[in-house]
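Colleague: I would like to know what stands behind the words used for this model. Please set each term against its cut-off.

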Amino acid sequence: MSTFGGKLEEKELSFIGIDSFESHLLSCSTFMLSHFHKDHMRGIQDHSFQVAFNNTKNNMMLYASPLTITFLKRNKTIHLREDKLVSLEIGFPNLLKVHSDNFEYICVTLLPAGHCPGSVMFLIEAGAHRILYTGDFRIQLQDLKLFKPLLIDKEGNDDPKNISALYLDTTFASKNYYEFPMRKESSANLIKVVEEWLNQDPNNKICLWMPGYVGIEYAIVEVAKYFKCPIHVHKQKYDELYSSIAELDNYVTPVYTNNRIHACSKNECDTDNVNCMQLNKNVKCVQLNALAFTKDVISTGGHVIVKNNITRVCYSSHPSCKELREIVRFLNPEKLYFNVIVNQTYKEIYDILTENNWTPRAVKEVVQENPKVVLKLSNRFKFNHNVQNKTEDTFNKRPRLESPERE
């Protein structure tokens, strides 16, 4: 659960609001949304924000990945002017005109976050600032080292560029969550649980409990591939989200035809007028979960546990403590900020992530970077004075899934 307030610590960048749309951010003009989860969208449905954002006299714009912009446009409770919702290409620098006393333009690069469909990290470059805001993410170090916008990009040098500030997803910044299985392994564990149950009785069904509205789609696809059948999902979710994702074609369906595997709840299916998930002795509920799998639980029970008739499979869309420490050490930022601080102090998290591992840079290192790489625009980059959105029909041209599983 994000506790980030929406404002960066850099006062020169006070015009930027990230992953929050509450009243204290109404003075911002440049908004960014890392992904479509409620704890990163606080205030976006508020009347005060929607009135201010939709006012043609102000300069508010909202930037996100193509898939997240599609989700925003399709959501029936979010009413924002579509010409102010701007999708940015992932992996390419985007030069944005901003309304600030300090900058005329900033450079923003979206990087895959691996957390859920459409999730991204923001690399923000403005003047002396080079900030990486991770939002929620699950990217291993070996993959992070392949993200060229983060690298110096000199021949034979894959060291990271100087990061002036790192805003980090610290959901599991605890030694109790030192290591998680890769999602490929988690999906294999899930398939084993599903297969054992379905083989016991032809009337048996599986109900996959989602930890969030979106987030376990990689596992859903793996299960559907293995059993060669689509997974039944809530019609509203399919219409608003899943029908936008090309990779989910053939793997999910809103049509109920005696499906044995479901990723929908009883309440959702009641609204669809289908009676597919009446809980009984033939229905096994399986929850993909990471919070329950502390170091001690894994050491005694492994990556699958059963409690209160619910089977839990360890599956994380956030980095483990070990992964966080590796990333902090590699990026070696000048300043380090934490996006999730719950039941811990800042110092406790800092000590855990930096123990015998990292000390902040006192001054910037003199690094000979290639300036053409820092602000080079792709030949597909389109820019006009107001950074208006591309005149493409998002509903006809479906965005791809921006968070590829590379494990």
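Predicted model: local features only at pLDDT ≥ 70, side-chain atom pairs only at ≥ 80, totals over all residues.

Modeller: The protein chain has eleven helices and 17 strands, and buried residues make up 54% of its 407 residues.

Colleague: Why is D19 called buried?

Modeller: Buried means under 20% relative accessible area. D19 has a relative accessible area of 1%, so the term applies. D19 sits in the loop between β1 and β2, and its phi is positive, about 55°, although D19 is not a glycine.

Colleague: What makes N308 count as exposed?

Modeller: The cut-off for exposed is over 50%. N308 has 64% relative accessibility and therefore counts as exposed. N308 lies in the loop between β15 (304-307) and β16 (310-314). Phi of N308 is near 55°, again a positive value in a residue other than glycine.

Colleague: Which record covers residues 304-343?

Modeller: An unreviewed UniProt entry annotates residues 304-343 as "domain: DNA repair metallo-beta-lactamase". Such an annotation may be inferred rather than shown by experiment. In the model, residues 304-343 are 28% helix and 32% strand, with the end C-alpha atoms 26 Å apart.

Colleague: What makes helix α2 mostly covered?

Modeller: In α2 (residues 66-74), eight of the nine residues are buried. The buried ones are L67, T68, I69, T70, F71, L72, K73 and R74. Their cover includes β3 (61-64), β4 (85-87) and α6 (235-240).

Colleague: How many residues of helix α9 are buried, and against what do they pack?

Modeller: Eight of the eleven residues in α9 (residues 321-331) are buried. They are C321, E323, L324, R325, I327, V328, F330 and L331. These buried residues pack against β8 (129-133), α3 (141-144), β9 (165-168), β17 (335-338) and α10 (346-354). N332, with a positive phi near 45°, follows α9.

Colleague: What makes a set of residues a nonpolar core?

Modeller: Its members are buried residues of the nonpolar kinds, joined through side-chain atoms within 4.5 Å. The largest nonpolar core here has 50 residues. Those with the most contacts inside this core are I44, L62, L72, L190 and Y242. At least two core residues each come from α1 (47-54), β3, α2, α4 (183-200), β10 (205-209), α5 (217-227) and β14 (283-289). The largest share, six residues, is supplied by α4. Another core, of 27 residues, lies apart from it, and L123, V328, I352 and L353 are among its members.

Colleague: What is I44 in contact with, leaving aside its neighbours within four places in sequence?

Modeller: Contact means heavy atoms within 4.5 Å. On that basis I44 is in contact with F21, F49, Q50, L62, L72, I78 and L80.

Colleague: Why are β1 and β4 said to stand at the edges?

Modeller: Four strands form an open sheet in the order β1-β2-β3-β4, with parallel pairing. β1 (16-18) and β4 each have a single partner strand, so one side of each is left without a neighbour in the sheet. From one strand to the next the twist averages 25°. Helix α2 packs on this sheet, touching β3 and β4, and the direction of α2 makes about 150° with that of β4.

Colleague: How do you know that β1 and β2 pair?

Modeller: Two strands pair if there are at least two bridges between them. β1 and β2 (residues 30-32) have three bridges, in the parallel sense, and therefore meet the requirement. G17 stands opposite F31 in β2.

Colleague: In which sense do β5 and β6 pair, parallel or antiparallel?

Modeller: The sense is antiparallel, over five bridges between β5 and β6 (residues 105-112). L95 stands opposite C107 in β6. β5 (residues 93-97) is mostly covered, with four of its five residues buried.

Terms used:
Residues numbered from 1 in each chain as written. Heavy atoms only, no water. Buried < 20%, exposed > 50% of the residue type's maximum accessible area, 1.4 Å probe, protein only. Axes fitted to C-alpha atoms, helices over the stretch in contact; angles between N-to-C directions.
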